[in-house]
Amino acid sequence: MNWPPQYPGDFTPKPDQKYWSPELETMPPSDRDRHILAKLQHQVHYVFRNSGFYQEFYKDVPVDPANLKSLEEFAQLPILTKEDIRREQVEHPPYGRFLCIEPEDIFRLHGTSGTTGRPTVFGIGKDDWDRIGEAHARILWGAGLRRDDTVMVAAVFSLYVGSWGALVGAERLGATSFPFGSGAPGQTERAVEWATMVKPTVLYGTPSYALYLAETARQMGVDPKEDFGFRFMYFSGEPGASVPATRRLIEETFGCYIVDQGTMAEMTPWMSASGCRHLDGGMHLWQDIVYTEMVDPHSKLNLPLGEEGVPVYSHTERTSQPMIRYWSGDIARWDMVDCPCGRTYPTLVAGIYGRVDDMIIVRGQNVFPSRIEDVLRGLVEFGGEFRLVLERGTGQMDRLTVQAEVLNKAFTSQEFDPAALESVRERFTAELRRAIGVSVAVELKPAGEFERTQFKARRIIDLRKP
Ligand SMILES: [Zn+2]
């Protein structure tokens, strides 16, 4: 095997071809395991030889990192966490000893914004950036993107690698790219104007952004289904695209289909978890690009298909700053599904629906915010936004209040009057109890109460910490 792989930069399949790489995408899973093992053997040998961090990190492991014999041996390597990266980058600024290439060979610098701690720095080499483009083009081909499409990237162009990853895939595939951006004052109104004028066929952003775009369009007298020309949308950054009711709402609003995508910025090519043209929610795991294991959140041991756990990701063809067995902190369930696309990858059947860190436990039940979103969006009076207020109840029990907007048409009087809405509130409460198995408090708010976002919605208000 030649490692790292080199891809011919000018290849694209014929428009009617289903797969970018039929061989890799429809491989019998046992053959794929052999293919992945061969890639990981090179990848781990490479980091062990070139990264001072991994040399230290693998000092006492029970296997030989320079000569892995099986995926089971691979699974005995320690799991890497965000804390490990932060600590390493503080001690050896700015990249930590992850880089494995000369600093002058860094082609792109990205990072995380550090809203939850010290920012994390990513140095990406040119060869890696080309492979990221290749991987994203291949996955977007599976999502239905073709050369005659125009892709509007409606997400902020900054440190955030999501927008750039979305762009480079569309560029490599040969589609027309429209790097519109987002986040500046008045930019969503301009997005409505531009989408009406140039009629892009594809949109990339967050599910929250798509809903905000539709709301803004309607306020401007523009019909998102009639006046835009979106054929499909691909999303990352939020669970929404795999939340059934949110999914349906976006599809019906724009008259298009949608594809859920995304692992983590650190793991770019982050599209390695992605739906296809046919999958109705959930994401295939394109294992030969980034290898995903599912582990138990407590024991950290590998889980078989069918189980819920925490995805752990490994690069298989990265020479700059490779991440091996990186802990995502997300919650998902994986299984084999019989997708009409014919790909033989395992699938995160309901997408990524929670975080280990913000797991809400109400009366002994795990409650996922995405489940609450699904219920609310299925209710006709729901006004579009909600917040979850978490407080510490008696003992270690969490107390959860769902604050939900209701549409103006739900109350007949001119004024928003909670007393007149009692029957609506009771129905919201009953539907939530039926879906999540426990009672939670519900407060109704007038539509427009909560701020809309052009990026990722922050819906949890956590008052549990002092
Ligand atoms: Zn599929």
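Mentor: We can go through the overall fold, a metal site, the cysteines and a few local spots. This is a predicted model, so local features need pLDDT of at least 70 and side-chain atom pairs count only at pLDDT 80 or more, while totals for chains, interfaces and linings use all residues. Residues are numbered from 1 along each chain as its sequence is written, and side-chain values use heavy atoms, with hydrogens and water left out.

Trainee: How many helices and strands does the chain have?

Mentor: Twelve helices and 21 strands. Those are DSSP runs numbered from the N terminus: helices are H or I with at least four residues, strands are E with at least two.

Trainee: Why call the chain as compact as a globular protein of that length?

Mentor: Because its radius of gyration is 23 Å, close to the 23 Å that the globule rule gives for 466 residues. The radius is taken over C-alpha atoms, and the rule is 2.2 Å times the number of residues to the power 0.38. The C-alpha trace spans about 70 × 55 × 45 Å along its principal axes.

Trainee: What share of the residues is buried?

Mentor: Buried residues are 56% of the 466. Buried means under 20% relative accessible area, exposed over 50%, partly exposed in between, with a 1.4 Å probe and protein chains only.

Trainee: Switching to the metal. Which residues are the protein donors of the zinc ion?

Mentor: Cys276 (SG), His284 (NE2), Cys339 (SG) and Cys341 (SG), lying 2.1 to 2.3 Å from the zinc ion. Donors are N, O and S atoms within 2.8 Å of the metal (3.2 Å for Na, K and Ca); water is not among the atoms, so sites may look incomplete. Along the chain the spacing is C-x7-H-x54-C-x1-C.

Trainee: And why is the arrangement tetrahedral?

Mentor: The four donor atoms subtend angles of 102 to 117° around the zinc ion, which makes it tetrahedral. Four donors count as that if all angles lie between 85 and 135 degrees. The ideal angle for four tetrahedral donors is 109.5 degrees.

Trainee: Are those cysteines buried or exposed?

Mentor: Cysteine 339 and cysteine 341 are both buried. Cysteine 276 is buried too, with a relative accessible area of 1%.

Trainee: How many disulfides are in the whole structure?

Mentor: Zero, taking a disulfide as a pair of cysteine sulfur atoms within 2.5 Å. For cysteine 256, the nearest cysteine sulfur is that of cysteine 276, 15 Å away. Cysteine 256 is buried, at 9% relative accessible area.

Trainee: OK, strand 2. How many of its residues are buried?

Mentor: Five of five, over residues 121-125. Strand 2 runs antiparallel to strand 1 (residues 106-111), joined by five bridges; two strands pair if DSSP finds at least two bridges between them.

Trainee: Last one: what do the buried residues of helix 10 pack against?

Mentor: Helix 9 (207-219), strand 6 (232-235), strand 7 (257-260) and helix 11 (369-377). Just after helix 10, glycine 255 takes a positive phi of about 65°.

Key:
Four donors count as tetrahedral if all angles lie between 85 and 135 degrees; four count as square planar and six as octahedral if opposite donors are over 155 degrees apart and all others between 65 and 115; anything else is irregular. Contact means heavy atoms within 4.5 Å.
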